[in-house]
Amino acid sequence: NTKSRRKMATLKVSDSVPAPSDDAEQLRTAFEGWGTNEDLIISILAHRSAEQRKVIRQAYHETYGEDLLKTLDKELSNDFERAILLWTLEPGERDALLANEATKRWTSSNQVLMEVACTRTSTQLLHARQAYHARYKKSLEEDVAHHTTGDFRKLLVSLVTSYRYEGDEVNMTLAKQEAKLVHEKIKDKHYNDEDVIRILSTRSKAQINATFNRYQDDHGEEILKSLEEGDDDDKFLALLRSTIQCLTRPELYFVDVLRSAINKTGTDEGALTRIVTTRAEIDLKVIGEEYQRRNSIPLEKAITKDTRG
């Protein structure tokens with residue numbers, strides 16, 4: 001329903017919050033009434049930070065002997081339930097769940113695997129991989145490798161197993177060399193070249209940015225522009241473009257995904273929920289500003305306008 005969706009669109013952490021035990025008690029009340037009180041659930045969970053939500057889950061478990069997530073799953077229905085459920089998970093668990101779902105679907109879900117691998121910090125990705133072990137009793141990379149083939153497998157397994165350096169230092173000589181190398185591969189349409197995949201999956205984001213800035217200086221066009229000259233139906237090329245966007249300008253990538261999720265016939269709730277819940281505590285504000293700049297409508301308004309029902 002639009003009302004709860006409008007509230008989900010404004011996930012914000014409150015400045016002052018009650019004790020976790022009080023929150024747990026309020027949630028219990030929300031579940032026990034005649035018909036679950038969704039507004040009350042949102043008023044609590046949508047305004048607590050990841051750390052606070054974790055403590056509320058513990059308090060709920062200690063007091064009622066039940067896992068809050070299982071109770072939510074039982075009590076809530078539809079897309080709204082999914083949003084609250086994803087939001088209540090710890091970030092690593094949430095990424096593990098999103099990645100696991102993506103390994104069970106067809107090619108379009110490769111985008112989700114790439115998004116998790118490229119828009120998280122090295123530590124966040126590591127946490128997701130650890131949470132994946134704990135929950136699914138196997139590794140994220142073995143599921144990704146099993147689910148994909150050919151070039152997709154080469155790129156995605158490299159991306160999900162990466163542990164990039166996070167510092168700002170860059171090697172300008174290397175940037176010049178690798179810009180030249182990438183340019184040659186793109187010119188010959190060798191998009192799946194192992195050096196291209198190696199650079200995208202191992203270099204730090206700062207180094208990749210330096211390389212692609214150098215690319216633009218030396219060759220007079222942005223790398224993404226060069227990659228637009230390929231075949232529109234080439235799914236691997238599309239994934240490669242998104243990978244570069246996620247590593248260099250993630251907010252632009254998220255704006256594009258949100259725009260197509262909102263403009264689809266029948267909103268793509270999955271993409272909408274995924275981005276709102278995974279970016280709310282990171283850069284949703286920046287994404288929102290960029291969205292408004294490019295679509296001249298506030299993101300919140302676009303979401304609620306399009307998600308009636």
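Modeller: Start with exposure. A residue is buried under 20% relative accessible area, exposed over 50%, and partly exposed in between (1.4 Å probe, protein chains only). Ser-296 has a relative accessible area of 68%, so Ser-296 is exposed.

Biologist: What should I know about the model before going on?

Modeller: It is a predicted model: local features need pLDDT of at least 70, side-chain atom pairs count only at pLDDT 80 or more, and totals for chains, interfaces and linings use all residues. Residues are numbered from 1 along each chain as its sequence is written, and side-chain values use heavy atoms, with hydrogens and water left out.

Biologist: How many helices and strands does the chain have?

Modeller: Both are DSSP runs, numbered from the N terminus: helices are H or I with at least four residues, strands are E with at least two. Here the chain has 20 helices and zero strands.

Biologist: What share of the contacts with a separation of 6 or more links residues 24 or more positions apart?

Modeller: Contact means heavy atoms within 4.5 Å. Among contacts in the chain with a separation of 6 or more, residues 24 or more positions apart account for 71%.

Biologist: Back to Ser-296. Where does Ser-296 lie?

Modeller: Ser-296 lies in the loop between α19 (284-295) and α20 (299-306). Look at its backbone too: phi is near 40°, a positive value in a residue other than glycine. Lys-137 also has a positive phi, about 60°, and is not a glycine. Lys-137 sits in the loop between α9 (122-136) and α10 (140-147). With 68% relative accessibility, Lys-137 counts as exposed.

Biologist: Now a helix. How many residues of α3 are buried?

Modeller: Six of the eight residues in α3 (residues 38-45) are buried, so this helix is mostly covered. They are Glu-38, Leu-40, Ile-41, Ile-42, Ile-44 and Leu-45. Check the N-terminal end as well. Asn-37 caps it: a side-chain oxygen lies 3.3 Å from the backbone nitrogen of Asp-39.

Biologist: Is Glu-178 buried or exposed?

Modeller: Glu-178 is buried, because its relative accessible area is 4%. It belongs to helix α12 (residues 172-187).

Biologist: Which side chain does the side chain of Glu-178 make a polar contact with?

Modeller: A polar contact is a pair of N or O atoms within 3.5 Å; within protein, one must be able to donate a hydrogen and the other to accept it, and residues adjacent in sequence count only if both atoms are side-chain atoms. For Glu-178, the partner is the side chain of Arg-203, at 2.8 Å. Leaving aside neighbours within four places in sequence, Glu-178 is in contact with Arg-198, Ile-199, Arg-203 and Thr-211.

Biologist: And Arg-214?

Modeller: Arg-214 lies in helix α14. Its relative accessible area is 25%, so Arg-214 is partly exposed. Beyond neighbours within four places in sequence, Arg-214 is in contact with Ala-175, Lys-176 and Ala-179.

Modeller: On a 1 Å grid over the protein atoms alone, a cavity is a set of points where a 1.4 Å probe fits but cannot get out, and a pocket is an open set with protein on both sides within 12 Å along at least five of seven lines; lining residues have an atom within 4 Å of a point. The largest pocket lists Gln-111, Ser-242, Gln-245, Tyr-253 and Val-257 as the closest to its centre, of 39 lining residues. Helix α16 gives the largest share of that lining, eight residues.
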